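Please read the following points beside the model itself.

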Amino acid sequence: MKNLALILAAGKGTRMKSELPKCLHEVAGAPMVEHVLATAIAAGTDGQVVIIGHGGDQLKAVIEANRDEVVFETQGEQLGTGHAVQIAKAHIDQSEKTTVILYGDSPLIKEDTVRALMAKAEELQGPAVLGFDTPNPGKYGRLLTQGDELIAIREAKDATAEELNVTLCNSGVIACPSALLNTLVAQINNNNASGEYYLTDIIELARADGHKTGFILCEEAETQGVNTPADLRSVSAEFQNMKREEFLSQGVKMWNAESVYFHHDTQIGAGSLIEPNVVFGPKVTIENNVQIRAFSHLEDCHICENAQIGPYARIRPGSEIGDGARIGNFVETKNAQIAKGAKVNHLSYIGDTEIGENSNIGAGTITCNYDGVFKHKTKIGQRVFIGSNSSLVAPLEIGDDAMTGSGSVITENIPASDLAIARSKQVNKAGLAKKFMDRLRALKSKQ
């Protein structure tokens, strides 16, 4: 193993006022710790160790449900970040190159930032710290520097008045050559105002041993951690802002980006247009030049090139919308494969259904796929025309070039090219409508 990521996730998170372990609270549909793990892996770490404590069994179970390569160590007593790293000594020993320390409640850090920090530590052959500049440093630890060198990190509660005026702050994220890291953390003591073992002490320890130390900077937004529900709201909002900027930079168009909400794994191709008030759930892939119209909701689906969705469409799990297909207003799809050029434009429910190329599904069509116990499938061929207000009772197959009359309830298969009409004969009762309404109005006037 070359590069190792240690993810600190042992805190109680009492200010969250929740029984859920803090690092399992979600940002854009994924636990915060999952964001950090995904970033660490993308940045090039070969191994990941999560330090757990409060709610550790629950945290471990959630992570293991998605990843089998992560290992865990337990921090029984919360004695500080240095103590947490000491617990992982055996794993650090297995790393041939660099260890980076990340935090399970700081989900916004970027892959490129982590990669750059590890590269800085390799260049220095010493500790490198991730810092940021802010006009309101508050309780952040201060980075004390001389030029490009990092001299020390001073926790705010231990800082002098002069040091508190420094605006260059510590994010807590550190990378260090692994062999050196174990040597340094073994020397940390708890002679400070909190009685804790500060990981930040390794900077002065490294310099005392003649090692170079340094830092890189990132935007303050990347370093945001979560301690309260208000923090979670802020981080979630910032994630959405970052995701919007990412998509805009990739050629995705949005008229009102602030009204569009993304899941952490949303994928959208270049040239696509996302109209206002669209919500993406998990596992959505949008190919190039797709239009998602206003007020649509999508989850666990794949939308092919040149398709148009909405407005007010709901695309549910298992939906595959083909190249150039049209899904219109107030249409719901579920487990539906809708082929190239097909259209479902108005007020329809399409579930457990295959629709062939260039077929047209009329307004108000319903696939009746559920009998109260089992789901059944409807197969519609190519170039089929389904008349408005048709009910297609599954299991059902409709051949190529077939047609249904509007208002039909179709319960039997339709061969290719046939027209199926299944509705009662219309009967007109002369004058009965007026007589009926006159009687009702008379009854109402007596009340």
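**Note on the model**

1. Asparagine 277 is partly exposed, at a relative accessible area of 34%, where buried means under 20% relative accessible area, exposed over 50% and partly exposed in between, with a 1.4 Å probe and protein chains only. Its phi is near 60 degrees, a positive value in a residue other than glycine, and asparagine 277 sits in the loop between strand 14 (273-274) and strand 15 (279-280). Helices (H or I, at least four residues) and strands (E, at least two) are DSSP runs, numbered from the N terminus.

2. This is a predicted model, in which local features need pLDDT of at least 70 and side-chain atom pairs count only at pLDDT 80 or more, while totals for chains, interfaces and linings use all residues. Residues are numbered from 1 along each chain as its sequence is written, and side-chain values use heavy atoms, with hydrogens and water left out.

3. Most residues other than glycine have a negative phi, and most peptide bonds are trans.

4. The bond from glycine 310 to proline 311 is cis, with omega near 5 degrees, and proline 311 is placed in the loop between strand 20 (308-309) and strand 21 (314-315). The bond from alanine 394 to proline 395 is also cis, with omega near 0 degrees, and proline 395 is found in the loop between strand 31 (391-393) and strand 32.

5. The structure holds 19 salt bridges, a salt bridge being a side-chain nitrogen of Lys or Arg within 4 Å of a carboxyl oxygen of Asp or Glu. In one of them, arginine 115 and aspartate 112 meet at 3.1 Å, N to O; because the two are three residues apart in helix 5 (residues 111-124), about one helical turn separates them. Arginine 115 is partly exposed at 34% relative accessibility, whereas aspartate 112 is exposed at 56%.

6. Helix 5 also contains lysine 120 and glutamate 123, three residues apart and so about one turn of the helix from each other, and their side chains form a salt bridge at 3.8 Å, N to O.

7. Aspartate 401 forms a salt bridge with arginine 383, with the closest N and O atoms 2.8 Å apart. Aspartate 401 lies in the loop between strand 32 (396-398) and strand 33 (403-404), and arginine 383 in the loop between strand 29 (378-380) and strand 30 (385-386), so the pair ties together parts that are 18 residues apart in sequence. Aspartate 401 is partly exposed at 36%, and arginine 383 is partly exposed at 43%. Elsewhere, salt bridges that share partners join Glu34, Arg67 and Glu69 into one network.

8. A search of the whole structure finds one cavity of 30 Å³ or more, and the largest cavity has a volume of about 60 Å³. A cavity is a set of points, on a 1 Å grid over the protein atoms alone, where a 1.4 Å probe fits but cannot get out, and lining residues have an atom within 4 Å of a point; grid points are joined across faces, edges and corners, and a volume is the space filled by probe spheres set on the points. The lining includes Leu102, Tyr103, Ser171 and Glu222.

Key:
1 Å grid on protein atoms, 1.4 Å probe; cavity = no way out; pocket = protein on both sides within 12 Å on 5 of 7 lines; lining within 4 Å.
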